[in-house]
Amino acid sequence: MDFLKSGLKTVLGAPEPGHHPSGAETVERLVERVNNSTLLEDRRDACRALKAMSRTYRVEVGAQGMDTLKQVLELDRADSETINHALNTLNNVMSPSQFEEEEDNPQVPMNIGEQFTEMFIKDHNNVQLILDLLDEYDFRVRLSAVQLLTSLLTNRPKDMQEIILVKPMGVSKMMDLLSDNREVIRNEMLLLLIKLTKGNANIQKIVAFENAFDRLFEIVSSEGFSDGGIIVEDCLLLMLNLLKNNSSNINFFKEGSYIQRMLPMFNTPEENEDAGWSPQKVSNVHCMLHIVRTLVSPCNSVQIVSDCQRILKNAGLLDSLCNILMASGVPADILTETINTVGEVVRGNVANQEFVGNVMAPSNPPRPAIVVLLMSMVNEKQPFYLRCAVLYCFQCYLYHNEMSQANLVQTLLPSSTDVSNLTSGQLLCGGLFSSDVLSNWFSAVALMHALIDNPIQKEQLLRVLLATNIGSSPVSLLHQCTLLLQQTTKLQSKVALLMLLSQWTARCAGAVTAFLRAPSAVSYLVNQTCSNDHDDNEYLLQGLSAFLLAICIHFNDDSVENYTRESLKQLVVRRVGMETFVSKLSEVSRHELYNKAAKHPQLRAKVPAEVLIDYEFCRLFKVLESVLIQTLVVKEESGAEEAGRAGTGTGEETGAREGGAALEQYKALIRQQDARLQELVAQLDDMLQQNHALQVALNDSKSSNSLLKDENTLLKAQMSAAQNLPTTESNDKTQYEIKINQLTAEINRLNEILKTTQEEKKKQEVELEKLKSDQDDLLILLSDLDVKVNEYKDRLMSLGEKVEDDNPEVQESNLT
């Protein structure tokens, strides 16, 4: 500290006796020294002093010295030391973190670095200045320029991405630094590129076509692949940014043979298994697995996924992933992510699914890897995330593979082969009737995936018999599932069994017949649907019960005499009511976990309580819901019409006479509603114009507010400096205070205007939505009335009455 004070005395000269200059005063004198000094050494010393003070007096240095420091970057480029001091000072001023020297100063806002960044990048030429300095070979200048760009990107990432994107050669200059032989600069540039490429597809494409993948793989190789340090992780994170949600870069990665270059990352020598995995190696492999999953993600196009899956198998990566699965000493989180990765590598690819099906675990006796994984899934002592990963992997193994589905069902059918071997089917049946709720759910969903789009296996699964007790006759699997559904009190078990039975009976008349013949099955579903419990999960159970019951009606072949289509429909109408039934059916899609499950094939539960609904069941429900509702409602309406015609057959003439009077009433009502509709349309146009005017005023207010905030920040900094000035400058201080108060009042006024404008806009939007809703209701009513008018006309004409045409063209033009 004494050295710093002596340095300041050298730069500024000795202070007057008895006068101790404040920090703000010192900063002001240093800025003047930089501006007015003709000697380069003086400017350099003043910049060095500003850098020293920028951590303690950040607000003062930023407010008074930012423009001066920008001039230094423009005019003193020949002196690398001065440029380095200026860059470091700007980096301190715009640092996203708080310095230790500022912790006790309440006048420094937490986001002061972000505020100065916003002011700095308003002039895009400032960013160009920093980018140009990347061409300087001097170590300190280049490093400081990279660190300053990193701070700017941290504070204002979106704005900086847009600025750099339009700067000529901006990205190219950054990419050149990845080849810098000074590792510190290279490593800092990696961190900068990670921030720069996050969430911007255009920058990602530019970086990828600047040979980023080649350079990154060279760094990874030189650092030792998965055994390397944190630099390997940074390279992989940058690769992940470039590939995520960017099909163009994935194609480039695939066609450039970069997938094959990932293989050394997954080579785990057997002699190192006992040595364990370091935390950094765990992070490196985790990132690499994320990259593989990005290439074969179900969100990508089918063609991209298929090509990447084929290359991963041919390159030996799938084999390496299976080796990690079967290796000992693999950390739990790596094992979990590897299982997920293997699942997505084989999903929908028959060749890869067959490869995984033939992998044998190194156990005694040897068992298929799929069986070993399922043993973990139904074991309640295993970690929750691991069990979820095994379920997802098994679902991918069965996805669009009729052979795998058939093999699973075959293990449940009577066979003459050796029954001592544990099979996947036996494990799933054991889990289905286990006391562990999660095992019930996982096993039911796994069995459900063996039946998706496979009517043959639905029929085959009906042949599966279970011996429940010694000496008792065996019962079918479907019968036992139905019995368990009625007996269990656990929510997750009920939901799982309802999903399994829904998938099983959908488009399978034989399964519907078997279910209807199960004791008390229909009465249980009806009672469950009639339940009046008011809870989200209870609503879900009622909706799932209604869904299964609707499937039994729609796919019923009337082979069960007591439960034909018509009798089941009448039972629903009598016990539940068709409107209530349809309403409860729609409750399924309103459940929070339904909407969460419908977004991705993988189960994304964080805790066991969130395990409730499966993705494939959501797809089934979406496809069948409207079909089932339409079938039920149309049948009910057609039955009502037939009953109405039978009851009123003798009074047609009376109805015709009453219909004529009703027809005139409807015509008058239509004319009134048409006039009302025109009035509402006019009001709607007025509201839209007002809304547009308010939006323009709101944007103007926001712009004015932003400008005033910037000016206020500068004045606050100057005010802070003025507080420490001698009493001879009190007049200037008073003027500053008056100006700050005026600006504060102006900001408050604009904020009030902004608030009032936003409230008015919300009111107008509510009124607009209401008018739109009224208009839609009127249009629906007019359509219904038009249908009834036509019906009355047809009935009058059938009775021989002459009906005049009420100028339909005019009516049609009014309606439109």
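**Reading helix pairs and a cavity**

Me: At what angle do helix H16 (residues 279-295) and helix H19 (residues 332-346) pack, and how far apart are their axes?

Reply: Two packed helices are described by the angle between their axes and the distance between the axes. H16 and H19 pack at an angle of about 15°, with their axes 9 Å apart. Axes are lines fitted to C-alpha atoms over the stretch in contact, and angles run from 0 to 180 degrees between N-to-C directions. Helices (H or I, at least four residues) and strands (E, at least two) are DSSP runs, numbered from the N terminus. The model is predicted, with local features needing pLDDT of at least 70 and side-chain atom pairs pLDDT 80 or more, while totals for chains, interfaces and linings use all residues. Residues are numbered from 1 along each chain as its sequence is written, and side-chain values use heavy atoms, with hydrogens and water left out.

Me: What does the angle of about 15° make of the pair H16 and H19?

Reply: Angles under 35 degrees count as roughly parallel, over 145 as roughly antiparallel, 65 to 115 as roughly perpendicular and the rest as oblique. At about 15°, H16 is therefore roughly parallel to H19. H16 passes H19 in a left-handed crossing, where the near helix is turned anticlockwise from the far one by less than a right angle.

Me: Which residues of H16 and H19 meet?

Reply: Contact means heavy atoms within 4.5 Å. On the H16 side the residues include Val 282, His 286 and Leu 289, and among those they meet in H19 are Ile 334, Glu 337 and Thr 341. The contact has six nonpolar, five polar and four charged residues. Ala, Val, Leu, Ile, Met, Phe, Trp, Tyr, Cys and Pro count as nonpolar, Asp, Glu, Lys and Arg as charged, and the others, Gly among them, as polar.

Me: Is the pair H2 and H3 roughly parallel or roughly antiparallel?

Reply: Helix H2 (residues 23-36) and helix H3 (residues 40-53) pack at an angle of about 150°, with their axes 8 Å apart. H2 is therefore roughly antiparallel to H3. Their crossing is left-handed. Leu 30 and Val 34 are among the contact residues of H2, and Ala 46 and Leu 50 among those of H3. By class, this contact has nine nonpolar, two polar and three charged residues.

Me: How many nonpolar, polar and charged residues does the contact of H29 with H31 have?

Reply: Helix H29 (residues 509-517) and helix H31 (residues 536-554) pack at an angle of about 115°, with their axes 9 Å apart. Val 512, Phe 515 and Leu 516 of H29 and Leu 548, Ile 551 and Cys 552 of H31 make the contact. It has six nonpolar, no polar and no charged residues.

Me: How many cavities of 30 Å³ or more are there, and what lines the largest?

Reply: On a 1 Å grid over the protein atoms alone, a cavity is a set of points where a 1.4 Å probe fits but cannot get out, and lining residues have an atom within 4 Å of a point. The search finds five cavities of 30 Å³ or more. Of its 17 lining residues, Ala 597, Gln 602, Leu 603, Arg 604 and Ile 613 are the closest to the centre. Helix H34 (592-597) is one of the elements that give two or more residues, and H34 gives the most, with three.

Definitions and conventions:
On a 1 Å grid over the protein atoms alone, a cavity is a set of points where a 1.4 Å probe fits but cannot get out, and a pocket is an open set with protein on both sides within 12 Å along at least five of seven lines; lining residues have an atom within 4 Å of a point. Grid points are joined across faces, edges and corners, and a volume is the space filled by probe spheres set on the points.
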